[in-house]
Amino acid sequence: MNLAFITASPFLLALLLSLPTVRKSVSQQIQTALTAAVMAALFFLLLLHLPDLRAQSVIIQRTDWIPSLGISLSFYLDGLALIFALIITGVGALIFFFAGYYFDDPAVYNRFNVWLLAFAGSMLLVVLSGNLLMMFVAWELTSITSFVLIGFTGDRNQAAREGAFKALFVTGGGALALIIGFVMLSAACGQLLHPDEGVRFVTDLASILAVDSLYQHEWFPIFAALILFGGLTKSAQFPFHFWLPGAMTAPTPASAYLHSATMVKAGIFLFARMSPVMYKNPLWSDLLLFFGLSTMLVGAFFALKQRDLKALLAYSTVSALGAIVAMIGLPGQNGIKAALVGIIAHALYKSALFLVAGTIDHATGTRVIDQLGGLRRQMPYMFAVTVISALSMAGVPLLLGFVAKETLLDAVLHYSAPYTLAALSVVVASAVFTATAGYMLIFDVFIKDAQDGVHFHQPPRLIRAGPILLSIGSLTLGVLIEPVIVPLLRLAVPKTFELQAFAGFNQVFWLSAIILIVALLLFAYRKPLIERIRFPISGNYIYRELISYIDWAGENVLHTQSGFVRYYLVIILGTVGAVLIASGTLTTVTAGQSLFPTDLSVNIIDLAKIFMLLLTVAAGIYTIVVREHVKAAIAYGVIGYASGVIFLIEHAPDVALVQLLVETMATVLIIIMLGRISTTIRRRVTENLWIGRHKSNFGLLRDLVISIVIGVAVFVFSLIALQNRPERESIAEWHLANSAQLNVEDVVGAIVADFRATDTLMEIAVFTTAALGVLTLLSRGRPGSAPLTSPAGSEASRTGSDSEGDDVIQDATSLSTPFTRSVSVIVLPIAILIGIAQILYGGSGPGDGFTAGVTIGLAISLWYVVLGYNEAKRQLPWFRPAFITRLGLLIALINALFPILLGKGFMGHVEFDQILGIYDFVGSFGLHVTSSLIFEISIAIAVMGGLGIIIEAIAFPREVQSLSDE
Amino acid sequence: MIDFMFAAAIGALFSIGVFQLLRRDLIKAAIGFAILFSAINLFFVAVGAFEGEFAPYVRNVEEGRSVSDPLIQALILTAIVVSFGSLSLVLGLVNMVSRRYGTVDSNDVNKLKH
């Protein structure tokens, strides 16, 4: 079965379940059953790979993605990945089922389920990806989904927000180190695999795992440390363990799944994945051993001090993760077997215990151990589950946890030299603490007398299914070691090994027995012993200090932001200048050239260009010196038109047409906007224009100097650029040569609508986003909502919001004469006809979908200006800008995606007239019905709608606002 | 010569636009912003379109005439559209400031910070 399909399934299901119709009409039971069934199906699909894996030890499925960068969409399934994937899907199925009965509110359940599915998909991608970069992306996805799930109740729960942020901060910080480590690792592999080819990055997992000499590379200490940091933070290793107890604010199914069975094991997966090429360097294994052992001890000890059930489970998870990390760090890969058994055993018993904690929380409303007791009568099934799982955690014979502990002790005894004594004492001490915690779970929650004041209500029956099946797993797999566990491990463990449910009364067994008995003693005297010991410093304290330093630094950075444009301009200009001068680019380019023209001869066309250029500059200066804003706006229009003429002279008719239309639209917009700003406000600013803050001319002088310096710099840069204009690149030649094949006469049109249509799609997306931005700016928040308090403000507010509109110069009704009305009525159909012609015949001359949209938009804006908002809305009921914009974008997207069905790729060229058999018919009108034509139509529609949004928002903000308030 | 004139005009338009941005009048700042866009578009066309003597149409290519660079023209088209989008956003901002604070003087708006 295709691994890509398996990985994609949870995402697809999440997408399906998040559709509004599905969300509302499908009941919670059905959603639950469907989700659990899909996960279970994936579990069995993965199992089907077993025979293949036995034959060839690894399955790789690879599709080229970005071949030039050596990045492929590749999946890599070996024994290690299979064990993890089976846990993700198998334990996942049970937890998804549990979640369906844990939540009472269907809407909350749906949201949770969708996010948990997204997590499941990301986690599968982590373990199955065959490319480092893919793995990293998936790794980050698990952090993000985990963030959402931890902060699931964040809208009303401060602790949930803090826990979520803490988890993201620690694991996200680790991921930053990880990506640097990955980049260095892949560069190192590139050096070793292709020594003669300069810098190459090898990201393919299979290739990396084949580089045997990696551990001798000179960068090894750096990237090993970075990768270790990433994995240690993710797997909650001491001293980064503190985020995991904080993450217990997540709903319990998420805690059971992410923070016990799967996500926190991503770091472990990474270590196990990389160990074959890295273990030979003692730095790698010693650090793993050190961090693993310290985490194991710290976690086991702190677990005993917790009064919250989930916190206790979280710390004991930390401890178990530490044990597994330490096992991976044992010299010579001798602990891999113990690590894998530990992973399976822990996934089974710990998620069962988490689900029990969730059920208890659901039934009693509390998770505090001191308030609980006597639940064995009310919840006999949960009691049984807890006894099995907690004893498995403690390591009692015949349970899977026992086998895990046996292999762990065995590995430490035989392979941890030269640290055997230290490692063994840490492991034994932690095992004692863990067993004590297991006893506490059984006794304090279920057996000791019931406490007063705790209300109990029976949870739904089916909520038991998950925990019961998980504990049956702990029970049976402990016995069925040889038929079930051993074949799986054989695929993943590099050495031959023996593993039995019960290895006999050997050294290790007696050690185990001593641990269980000592734990019993500790359990009896737990209160006085545990409460006396305290750790002087906690990871949480360091985290809080760090965060406060970051806040402090942020405050200081904020002080450097003055808010004055001149300040930023000077810094930007200064940096650009310094870099250019320091790099020496300018001097090498200009070497042997004179900046000033030597040949002063001009022909008549050049004269026309020079005249137009002078016109732009003159109009520009006029915009500065003129007092009235309307005249400045019109002068700006002159600049735009003059550039349009230059484009025309420069043999760019398409550009010229767009330029003329857009400049018209822009000038109209500026003038419309002026009409919405009261004359008093405008008069006051023009009167004060030349007066500085302190009635001096210093400010004016300063601004003049800054702008002239910038202008001169731009002049020099552009002159250098123009004199060193590069030779035409071949890609334009390709466009010129291939346009004829598309039946397109206008090469620019062909580029816009076909060769580089994705650019155009993006451009339209940007344009409509800008339109939405204008709408949001002007329709949200009431005018005058921020009353002015400063002296200048009080003066301003007198003429501000209260009197707004009284002295608006350009009132819409004053323009509404019979003549203007008739003009606007006549202009619109003409504009629409011109637009249609521009679209249909865009291929053979200037004009395309965009110009068509602007032409129609201009005609419509005339209606608005002449008739006013309400009248125009009544006369043009079909013109609903937001709807039209969406329609245009939708058509564009469908048109872009449709060619994929025909195997032509995104935005491929489709000739609909050929397909429909009307080629000759439409051809007789000089038309060609292709995907480009549809694209042009969609652009025209989207642009028309976008312009409508902008005009409505700028010309009639109050009307639009009152509309959006309703 | 024409290179020099183009560069001079672009530099001058840049000066004008930047100067408008630095002054107090937000309406003129918006116009200055638009002038900067024009200057940049002019620069593109100056860099790209000179060598050809005919518009980039297939019939001109087939008849062997030297045509101007079509790719850079397509890029300018995109630039014009996007700059128009930005301009309308700036106009929306100015409009919002005038409605909310009753002024289009950036000095008055600056005073609100403190």
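**Exercise 1. Is A:A236 buried or exposed, going by the other C-beta atoms within 10 Å?**

Keep in mind as you work that this is a predicted model.

Step 1: find the residue. A:A236 sits in the loop between α10 and α11 of chain A.

Step 2: count its neighbours. There are 29 other C-beta atoms within 10 Å, and the cut-off for buried is 20 or more. So A:A236 is buried.

Step 3: check the backbone. A:A236 is not a glycine, yet its phi is positive, at about 55°. Most residues other than glycine have a negative phi, and most peptide bonds are trans.

Step 4: look along that loop. A:P239 is found there too, between α10 (220–234) and α11 (243–246). The peptide bond from A:F238 to A:P239 is cis, with omega near 5°.

**Exercise 2. Work out whether A:S57 is buried or exposed.**

Step 1: A:S57 lies in the loop between α4 (50–56) and β1 of chain A.

Step 2: read its phi. The value is near 65°, which is positive although the residue isn't a glycine.

Step 3: count again. A:S57 has 11 other C-beta atoms within 10 Å, so it is exposed; the limit for that is 12 or fewer.

**Exercise 3. Describe how β1 and β2 of chain A are joined.**

Step 1: get the direction. β1 (residues 58–66) runs antiparallel to β2(A), and 8 bridges join them. One bridge pairs A:T63 with A:L73 in β2(A).

Step 2: look at the turn. The two strands form a hairpin with 4 residues between them, and A:G70 in the turn has a positive phi of about 70°.

Step 3: check the cover. In β2 (residues 71–78), 6 of the 8 residues are buried.

**Exercise 4. Say how many residues each chain gives to the contact.**

Step 1: take the totals. Chain A gives 109 residues and chain B gives 86.

Step 2: find the biggest supplier on chain B's side. That's α4(B), with 26 residues.

Step 3: sort chain B's side by class. You get 52 nonpolar, 19 polar and 15 charged residues.

Notes
Residues numbered from 1 in each chain as written. Chains lettered and ligands numbered in written order. Predicted model: local features only at pLDDT ≥ 70, side-chain atom pairs only at ≥ 80, totals over all residues. Pairing = 2+ DSSP bridges. Contact = placed C-beta atoms within 7 Å. Nonpolar A, V, L, I, M, F, W, Y, C, P; charged D, E, K, R; others polar.
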